[in-house]
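Good morning, and thank you for coming.

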Amino acid sequence: KQWYQRRVRGVKSSVQLKSSEKKKFRALVEQCFSSHPEISELLGNKANITITKILPHDTTLGMIEVHCLDKTPMFVTLEGEIPIPTVYTLWKVPDLLPRVMVPLNVLDGLVVGADV
C-alpha cells in the first residue's frame with residue numbers, strides 16, 4: 001500500500017510546544033535545512049507550534065509526529081528521524097528540497113503509478 005493510504009490506530013496526543021521545546025525543534029529544522037534562511041522566518045519566535053503524535057496501524061513505523069504551525073501541518077517526523085516538510089511548507093519555501101527532472105517519456109508511467 002502507498003504511505004498515504006495506510007490506516008492509523010489512533011491519535012495519542014496533541015499538545016502545544018513549550019518555548020524550550022519550540023527552540024529545540026526550530027534549531028533541529030534550521031540545522032537540517034541550514035541553506036534556507038526562510039525557515040527561520042517561517043518558524044518565528046512567536047509561532048504557535050503544536051505536535052500531534054499518531055500511532056500507525058503498522059507498528060514497524062513507530063510513532064509519527066506531525067508538527068503544525070497555527071493549525072497547518074508543516075513537518076512530519078518518523079520516530080527520531082529528521083523532519084520531513086509537508087506540501088504546505090514547500091508552498092511557502094519552494095526551494096527547500098532539490099528538484100527532480102523527469103523525462104517526458106517517464107512521466108506517463110509515473111502518472112499511472114509506476115515505481116521508477
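Let me begin with a definition: two strands are paired if DSSP finds at least two bridges between them. Helices (H or I, at least four residues) and strands (E, at least two) are DSSP runs, numbered from the N terminus.

Please note that this is a predicted model, in which local features need pLDDT of at least 70 and side-chain atom pairs count only at pLDDT 80 or more, while totals for chains, interfaces and linings use all residues. Residues are numbered from 1 along each chain as its sequence is written, and side-chain values use heavy atoms, with hydrogens and water left out.

Consider the strands. Strand 3 (residues 64–69) and strand 4 (residues 72–78) run antiparallel and are joined by six bridges, with Leu69 opposite Thr72. The two strands form a hairpin with two residues between them. Lys71 is exposed, at a relative accessible area of 79%; exposed means over 50%, buried under 20%, and partly exposed in between (1.4 Å probe, protein chains only).

Strand 4 also pairs with strand 5 (residues 84–85), antiparallel and through two bridges. Here Val76 stands opposite Ile84. Five residues separate these strands in their hairpin, and Glu79 in the turn has a positive phi of about 35 degrees.

Which residues have the most contacts inside the largest nonpolar core? They are Phe25, Val29, Ile39, Leu43, Ile49 and Phe75, in a core of 15 residues. Such a core is a set of buried Ala, Val, Leu, Ile, Met, Phe, Trp, Tyr and Cys residues joined through side-chain atoms within 4.5 Å. Helix 1 (19–32), helix 2 (38–42), strand 2 (49–56) and strand 4 each give two or more residues to this core. A second, separate core of five residues includes Ile54, Ile64, Val66 and Val76.

In soluble globular proteins, nonpolar side chains tend to be buried together.

Is helix 4 largely buried or in the open? Of its eight residues, the number buried is zero, so helix 4 lies largely in the open. Leu104, found in helix 4 (residues 104–111), counts as exposed at 71% relative accessibility. Helix 4 is followed by Gly113, whose phi is positive, near 105 degrees.
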